Amino acid sequence: MNATPDRSSHAVLRHIPLILILCVAVIGGFVLRDYLTFDTLRTNREALLAFRDQNLLGLAAAFVTLYVVIVAFSLPGAAVASVTGGFLFGLGAGTMLNVMSATIGACAIFLAARAGLGATLNAKLDASKGTAKRIRDGLRDHEINVLLLIRLVPAVPFFVANLLPALVGVKFRNFLWTTALGIIPGAIVFTWIGVGLGEVFDRGETPDLSLLWEPHILGPILGLCVLAALPIVIRLLRGRKEI
C-alpha cells in the first residue's frame with residue numbers, strides 16, 4: 001500500500017540536488033556578480049600575493065574550493081577564477097589547479113542532474129521510438145567524440161556542456177575524463193592571460209579575454225574540434241553508403 005507514495009517521495013528527493021544548484025545559481029548570479037570580478041582581484045592583489053608567499057598550500061586549497069563552488073553552482077566568475085589561477089600560481093600549476101577545479105565542479109552538476117531529471121528523461125528516451133530513439137542511439141555510438149567536441153567548441157556554454165550529457169544518459173567515467181582533457185586548451189589560454197595579469201593591473205587596464213578568439217589561438221582549438229568530429233562524420237557517411 002505504501003509502495004507508490006514511497007516511490008513518489010524518492011523521486012522528489014532525487015531532484016533536490018539539481019533544484020538546489022539552480023536556486024543557488026539564480027541567487028548567486030544577482031548577489032555575487034559585483035564581487036567575483038577583476039576589480040575585486042585588483043583590490044585584494046597584494047593581500048593574496050602576501051598570503052601565497054606565506055601559505056602556498058593553504059591558498060591553493062582555498063582557490064580550488066572556491067573555484068569548485070563557482071562551477072558546481074554555475075556562479076558568475078569562472079573566467080575570473082581561471083585567470084586568477086595563472087596570476088597566483090603560474091602557467092603550469094595554475095593550469096593544473098584550474099582543470100582539476102573545473103572538472104570537479106562539472107562532475108557535481110552532472111551527478112546532480114543525472115540523479116533527478118536525467119534519470120527520468122533517460123528512461124523516456126530508452127523507451128521512445130522514431131527520431132528520439134535514433135538521436136539517443138547516435139549519441140551512444142559517438143559518446144566520447146561528442147563529449148570532447150562540446151568541450152572543445154568555445155561557443156558551447158560550460159553549464160550546457162555539464163548539464164546536457166547528464167540528461168541523455170552519458171556514462172560518468174566518459175564524462176569525467178573527456179571533461180578533464182577537453183577543457184585543457186581553454187584552461188591554458190585563460191591561465192596564460194593570468195600570468196601577465198600583474199603588468200595589466202600596473203597599467204591600470206582590465207584583462208582582455210578576447211584572446212581566445214584570436215586566429216592563432218582559435219585555429220588550433222578548432223583543429224581539435226575537427227579531429228573530434230571526424231569519426232562521427234566518417235561513420236555517418238559510411239552509414240549512408242550502406243543504405
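In which helix does Thr 95 lie? Thr 95 belongs to helix H5 (residues 78–127). Helices here are DSSP runs (H or I, at least four residues), numbered from the N terminus.

This is a predicted model, in which local features need pLDDT of at least 70, side-chain atom pairs count only at pLDDT 80 or more, and totals for chains, interfaces and linings use all residues. Residues are numbered from 1 along each chain as its sequence is written, and side-chain values use heavy atoms, with hydrogens and water left out.

**Around Thr 95**

Thr 95 is buried, because its relative accessibility is 11%. Buried means under 20% relative accessible area, exposed over 50%, and partly exposed in between (1.4 Å probe, protein chains only). Neighbours within four places in sequence aside, Thr 95 contacts Gly 90, Ala 187, Ile 188 and Thr 191. Contact means heavy atoms within 4.5 Å.

**Salt bridges**

The whole structure holds four salt bridges. Each is a side-chain nitrogen of Lys or Arg within 4 Å of a carboxyl oxygen of Asp or Glu. The table lists some of them.

| Pair | N to O distance |
|---|---|
| Arg 45 and Glu 46 | 3.9 Å |
| Arg 45 and Asp 202 | 2.9 Å |
| Arg 52 and Asp 53 | 3.4 Å |

Arg 52 is partly exposed at 23%. Asp 53 is exposed at 59%. Through shared partners, salt bridges join Arg 45, Glu 46 and Asp 202 into one network. Glu 46 is exposed at 55%. Asp 202 is exposed at 58%. Arg 45 is buried at 16%. Arg 45 sits in helix H3 (residues 45–54) and Asp 202 in helix H11 (residues 197–202), so this pair links distant parts of the chain, 157 residues apart.

Terms used:
Helix = DSSP H or I, 4+ residues; strand = E, 2+ residues; numbered from the N terminus.
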